[in-house]
Amino acid sequence: MTNEQKQTLMRERAAALMKDGAVSYVIGWRETRFPGKTAIFFVRDEKDADMLVWDEYTIPLTAKYLTENRWPDKKIGIFARGCDSKAINRLISDNQVERENLYIIGLPCEGKKDDRCLSCTQRDPLIYDELLWEPENATGTSETDLQRARFFRAEEVESLPTDARFAHWEDVYARCIRCYACRNVCPVCTCRECYVDMHRTGFQGKHHDAAENRVFGVTRAFHVGDRCIECGECERVCPMGLPILGQTQKIIKTIEGLAGTYEAGMDPEADSFLGKFDLDDKDTFM
Amino acid sequence: MAVDYEPKIIAFCCNWCTYTGADLAGLNRMKYPENVRVVRVPCSGRVNPQFILRAFRRGADGVMVCGCHPGDCHYSTGNYFTRRRFMLMRELLEFNGIDPRRFHARWISGSEAAKFRDTVTEVTQLIRSLGK
Amino acid sequence: MALSNKTGVFICHCGTNIAGALDVHKVVDASRALPGVAYAADYKYLCSEPGQQLILDAIKEHGLKRIVIASCSPRMHEITFRKMLKKSNINEYLLEIANIREQASWVHTDFDKATEKAIDLVRMAVAKVGKSEPLKAQAIPITKRALVIGGGIAGIQAALDIADAGHEVVLVERECSIGGRMVMLDKTFPTLDCSACISTPKMVDVSAHPNITLMTSSEVEEVQGYIGNFKVKVRKKATYVNHDICTGCGLCEEKCPFKVESDFDRGLSKRPAIYKLFPQAVPAKPVIDKDACVKLKTGKCGVCLKICPLNCIDYEDEDKTVELDIGAIVVATGYKPAKWQSMYNEYGAGRFEDVIDGLQFERLVNASGPTEGKIKRPSDGKEPETVVIVKCVGSRDPKKGHAYCSRACCMYAAKHAHQILEKLPGGRVFIFYIDIRTPGKGYEEFYDNTRKDGAVYVRGRISRIFREGDTLVCQGEDSLLGRQVRINADLVVLETAMEPAEGSADVLNMLGCAKNDDGWAQEAHPKLRPVETQVGGVFLAGVCQGPKDIPDTVAQASASAAKVIGLLNKDEMETSPMIAAVAADKCSGCGACEPICPYTAITLEKTPDREPGTGKKIERSVANVNAGLCQGCGACTVACRTGAIDLLGFRNTQILQEVDALWQ
Amino acid sequence: MKRYAYFPGCASESTAKSTTLANEFVFGALGIDLIEIEDWNCCGATSAHTLSDTVGLALPARPLAQAEEEWPDLDIVTGCASCYARLKVTNHRVRTDKEARFIVEKVLGKPYEAKREVLNFLDILSGEDERKAVENALLRRFKNLKVACYYGCLNVRPAELTGVEDRENPQAMDELAALTGAEPVDWGFKSECCGAAHQNDAAFETRPLAARIIENARACGADIILTACPMCQLNLEMRQSEYIRKREDKLRGKPSFPLFSMVLPPDPNETIPVLSITELLAIAMGAGGRRLELDAHFVPVGNVISKAFRDENESEVFI
């Protein structure tokens with residue numbers, strides 16, 4: 001099936017859902033005035049459904065936009081690929097959205113024109129009310145078949161000696177403008193009030209320098225690490241183009257080293273790594 | 001490196017095991033270097049990794065987190081969470097270019113005064129050797 | 001409330017303990033210069049009466065609002081100084097101790113460096129106390145009534161001890177009589193006194209005790225609340241017999257035409273559908289087994305109703321739920337013998353009638369048992385000549401059963417051997433064992449005598465049992481000789497492992513008590529708090545905590561009774577106010593804190609709110625801390641990314657202040 | 001018609017001749033098609049896998065891969081417990097152990113994914129449909145025959161692979177035998193090792209293994225022992241004469257015969273015939289003794305079987 005055919009299907013489906021009044025709106029993508037860039041689009045009217053697009057640039061994650069409306073009067077329709085579905089699972093386990101409030105239209109994804117998609121392990125949606133077309137059936141689900149290592153960004157840094165790592169991050173965080181776009185886009189950053197926004201004494205100093213930015217970077221990684229679904233949105237939206245995905249990749253890689261295969265967002269019932277323990281957990285603490 | 005470099009090390013110690021062990025070291029008049037400052041917390045599970053970040057941010061030369069041995073936690077399971085959190089934290093610090101020898105987690109029970117003394121002594125020497 | 005930071009710092013010399021190893025005056029001077037410090041002084045012994053007075057006077061004179069005392073370890077005198085502050089107008093939690101003795105003067109040799117460290121410690125304490133807030137210990141009222149779950153010997157002993165101390169006790173037992181496992185036994189090692197003779201008087205004491213409410217045929221269904229204030233729902237199952245009128249004459253039992261296998265006799269005999277668990281049952285009144293009664297199942301029969309002279313049969317009887325206010329709970333749910341049939345196929349998986357377990361043997365050898373105490377094998381009623389006893393069936397066998405030792409089997413195996421040799425002249429007994437463990441008063445001597453009686457101990461396991469003709473061939477290894485052995489036995493007794501009783505997991509879950517991997521209830525500390533649990537007000541008695549024999553069970557029951565009495569003697573108890581607290585406005589209800597709490601003190605609760613922006617009325621999840629359950633470990637605070645849940649007395653800001661103070 | 005890829009195993013054409021004939025008869029009667037795997041080879045039991053992991057894997061893998069290539073939709077069935085174990089284990093290893101699969105594919109020079117199951121005769125005859133088919137195919141019923149069903153260790157163990165519910169007391173063969181009117185006895189050695197693999201190199205240790213099986217079957221009143229493996233069948237049957245001599249000598253206090261002697265013909269009063277389950281089924285389905293070449297058995301079968309078709313007082317003779 002071509003992308004165009006898929007796009008037609010999506011438009012028809014969204015229009016039908018709006019016509020039935022089954023949902024209050026449908027979250028998808030539309031074109032922007034920049035070629036190669038799409039934006040999240042809320043179909044609020046049947047006739048707007050034709051603005052929906054599906055091409056190699058429909059990259060942004062739809063799921064985070066569910067948190068805009070946590071107590072909807074009617075179901076919310078949402079188009080979800082593999083990555084979106086992992087995000088939805090996470091939102092459900094974090095009690096941020098309720099499954100009953102969602103109508104999920106699953107879109108098996110053929111991979112987009114984005115580096116992150118090269119190491120995608122989940123192209124087919126995990127959770128959905130309907131699938132709009134045939135599943136991709138695990139192309140690239142096995143880690144050995146990935147076109148790019150799952151933890152590619154972390155491994156870039158790991159290849160550096162310790163001193164050079166410090167310098168690497170010093171360089172990264174010197175450029176960070178603390179705009180918090182990475183946080184805003186992250187599907188597992190769902191606090192009512194982020195710790196960085198709290199005034200008076202708190203965990204995060206307000207100085208704007210590399211050291212304080214670093215505290216933010218590491219803290220953010222720690223806050224989301226064991227729940228990170230590896231969608232890479234943080235890196236995509238960074239206006240400074242900072243390679244920050246490595247931080248969470250490193251956490252997941254470490255978890256795998258400690259406790260075996262680990263992937264967040266696969267199951268809304270699964271506990272996150274730091275929310276449980278095993279009596280036989282490894283440590284090197286003596 | 002100056003010979004008289006005295007590192008400042010901060011140690012988060014749980015009230016029931018390590019802090020008690022440290023008290024016992026005092027009671028037995030054991031001697032160890034002055035470089036470690038202890039912050040008393042109810043449980044090593046109370047230690048937020050962000051405390052460690054704050055300490056390094058402020059200029060700590062080394063940070064320690066000490067609690068009861070796994071299985072001995074006064075609150076039964078606190079230190080199991082400590083273990084997970086700080087196994088991750090240590091890796092993440094190293095990943096961020098912070099020498100892992102500057103961060104130590106240790107299980108020290110209320111009776112292990114000698115272990116407290118030895119750990120403080122070792123960690124101080126190690127960090128002194130690393131320099132500023 | 002903006003609270004003044006006017007802090008007073010007091011440095012203790014502790015004789016020369018502190019003053020001899022560091023420069024106290026320098027510490028005083030440095031303290032004076034710290035932000036927020038309004039007054040600093042030193043004294044020889046601050047913990048002494050004049051020392052405390054000095055502090056109280058200074059508080060008055062200088063209008064101090066917060067106090068730092070630099071002295072010995074807070075584990076030593078924090079409580080002393082808190083009590084002292086009660087005499088002032090300062091809240092006792094606006095106090096920090098800088099431990100300059102154990103952490104400085106006692107452990108360092110360099111005078112200057114020790115002084116410098118002491119100043120740092122004071123600076124940290126001053127910074128922390130600056131963020132302290134007044135806390136108030138809560139006084140919880142104590143309901144002076146105990147609940148004992150399980151009416152075996154542990155529950156009986158605990159109930160009697162608590163009741164004798166003058167407190168009300170509700171004893172809940174799911175069977176229709178109390179007595180538990182002990183009344184099933186014949187004789188008890190090592191003294192060989194009759195088990196029923198020593199336990200039935202205690203059962204009668206229970207039923208006659210004015211302070212004990214006995215609820216048999218009842219099960220605990222729901223437990224809510226916390227120490228001193230539990231709300232417990234107990235389901236009283238329908239017995240179909242009005243026990244208020246019934247005299248226990250037994251006519252109905254005699255005439256009931258329907259018989260089923262007797263659980264009490266471990267399937268070795270039959271009992272009627274209307275029955276007492278055993279002749280000396282307490283209460284000594286029958287109940288109808290609704291699964292066996294034909295009248296209840298099909299409506300046809302009704303013999304018992306016709307025969308009953310007092311008309312106490314009521315086929316319409318229904319389960320009732322009773323709600324109780326309880327102050328303390330003793331769990332005494334006991335054990336069940338392991339189902340060896342499914343673990344050990346090589347022993348015939350239950351196909352051979354003459355392979356029985358130890359508890360069945362107890363019934364066989366019991367004078368009130370199905371054979372009136374004559375040892376006859378179940379298949380053909382013949383007296384066995386050769387008996388093989390296999391120990392550790394299910395115990396010490398992580399592959400097929402459990403890794404743990406069931407502790408009592410070595411001794412009752414010896415007792416079984418002794419009884420066989422005594423009752424069957426010319427009989428032979430072979431006992432297969434891994435080790436012999438006899439750590440108890442008179443135990444080793446008993447074992448020794450059993451060997452002298454003629455019991456043959458073979459070190460090794462039985463690998464399989466099969467039938468040849470009417471003998472059971474036991475094949476195994478004598479690991480001392482390194483040789484295969486075969487014994488043609490007439491009867492095989494398997495000394496099976498103890499396992500947590502059916503349903504004990506439900507009870508423990510209801511109470512929020514932890515279990516170990518094998519399902520035994522977890523004590524608060526294996527050495528120092530062996531009868532307490534992590535849940536305040538819930539105590540353990542007997543085998544529910546781990547396998548043990550009767551003396552240990554009774555001792556533990558009395559121990560937990562002592563704990564309960566100690567608690568119930570108080571009218572109210574103070575709880576530490578240093579517990580977790582939730583800032584509801586920050587809480588996003590993600591629930592990360594919930595699984596981390598070892599006390600299940602945190603629950604997510606629906607809280608009415610308005611949606612930001614729209615003002616729509618909504619309900620959102622907010623973490624809620626049960627102050628009665630929280631013990632103040634603070635593990636939850638780390639899971640909270642927002643810092644919405646925080647630990648009073650060790651708030652994030654307080655600890656951060658301490659850290660920051662070091663580099664000011 | 002159900003079809004299986006069939007791995008006959010080496011014994012099928014030599015010592016298990018009568019069983020092979022019975023197999024053909026029974027599966028023919030049931031309409032089950034066994035398609036012999038092209039150019040199959042020895043599975044390597046029992047020595048190969050104890051000497052070399054590679055050879056132990058590759059030998060059974062070769063016919064399995066052959067079957068997978070040629071009949072990708074067919075499960076593989078074999079009538080020998082040793083073959084069954086080797087094939088099953090290899091299948092399992094290839095599925096679960098990447099390294100094993102790599103070795104196998106490298107040695108064979110072709111892909112092998114272990115897509116299909118390896119089954120034994122008991123597995124395929126225990127199905128609901130098959131059981132009914134057996135019942136329909138029966139021409140006569142045994143009236144007076146007690147059988148001890150001997151499964152052999154390798155049809156049952158490891159239970160994690162074979163899926164047998166109760167490894168000490170399996171039921172599949174007992175249920176099949178009962179269909180013919182024979183009465184299975186409850187006995188203790190259904191799945192004990194008979195020592196077949198080491199009767200030649202460790203005779204001293206393994207002779208008693210076979211002996212105790214025979215003893216218990218007799219003690220539990222069996223007229224014949226049924227097997228589901230030609231190796232067990234041969235072993236249990238062939239050792240009887242020697243075993244009986246030794247026991248008599250022992251009773252008389254005489255020195256025993258040398259281990260490998262097979263001097264005297266067995267005494268029919270002391271021996272117990274050993275048949276395969278398919279032989280029993282074939283007889284009940286009407287196959288004659290000559291057709292099945294039952295006279296090839298070391299222990300005569302005829303008398304027991306003919307007695308089995310009679311009531312106590314009847315005198316019909318089985319041919």
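The following is a working chat about the predicted model shown above.

Biologist: Before we start, what should I keep in mind about this model?

Modeller: The model is predicted, so local features need pLDDT of at least 70 and side-chain atom pairs count only at pLDDT 80 or more, while totals for chains, interfaces and linings use all residues. Residues are numbered from 1 along each chain as its sequence is written, and chains are lettered from A and ligands numbered from 1 in the order in which they are written.

Biologist: How many residues does the contact take from chain A and from chain B?

Modeller: Chain A gives 27 residues and chain B gives 22 residues, where two residues are in contact if their C-beta atoms, placed from the backbone, lie within 7 Å. On the side of chain A that touches chain B, the elements giving two or more residues are helix H4 (162-175), helix H6 (210-224) and helix H8 (245-259) of chain A; helices (H or I, at least four residues) and strands (E, at least two) are DSSP runs, numbered from the N terminus.

Biologist: And by class, what is on that side of chain A?

Modeller: That side of chain A has 17 nonpolar, 5 polar and 5 charged residues, with Ala, Val, Leu, Ile, Met, Phe, Trp, Tyr, Cys and Pro counted as nonpolar, Asp, Glu, Lys and Arg as charged, and the others, Gly among them, as polar.

Biologist: What about chain B against chain C?

Modeller: That contact takes 34 residues from chain B and 38 residues from chain C. Helix H1 (18-27), strand E2 (36-41), helix H2 (49-58) and helix H3 (78-95) of chain B each give two or more residues to the side of chain B that touches chain C, and the largest share, 6 residues, comes from H1(B). The residues on this side of chain B divide into 15 nonpolar, 8 polar and 11 charged.

Biologist: Switching to the sheet in chain A, what is the strand order?

Modeller: It is an open sheet of 5 strands with mixed pairing, in the order E2-E1-E3-E4-E5 (chain A), where two strands pair if DSSP finds at least two bridges between them. Strand E2 (38-43) and strand E5 (130-131) of chain A are the edge strands, each pairing on one side only.

Biologist: How do E3 and E4 of chain A run, parallel or antiparallel?

Modeller: Strand E3 (residues 75-80) and strand E4 (residues 102-106) of chain A run parallel and are joined by 5 bridges, and A:Ile78 stands opposite A:Ile104 in E4(A). Helix H1 (residues 3-20) of chain A packs on the sheet, touching strand E1 (23-31), E2, E3 and E4 of chain A, and its direction makes about 155° with that of E1(A); axes are lines fitted to C-alpha atoms, for helices over the stretch in contact, and angles run from 0 to 180 degrees between N-to-C directions.

Biologist: Now chain C: is C:Cys392 buried or exposed?

Modeller: C:Cys392 is buried, because 23 other C-beta atoms lie within 10 Å; a residue is buried if 20 or more other C-beta atoms, placed from the backbone, lie within 10 Å of its own, exposed if 12 or fewer, and partly exposed in between. C:Cys392 is in strand E21 (residues 386-393) of chain C, and its phi is near 55°, a positive value in a residue other than glycine.

Biologist: And where is C:Arg407?

Modeller: C:Arg407 is in the loop between E21 and helix H13 (409-423) of chain C, with phi near 65°, and it counts as partly exposed because it has 18 C-beta neighbours inside 10 Å.
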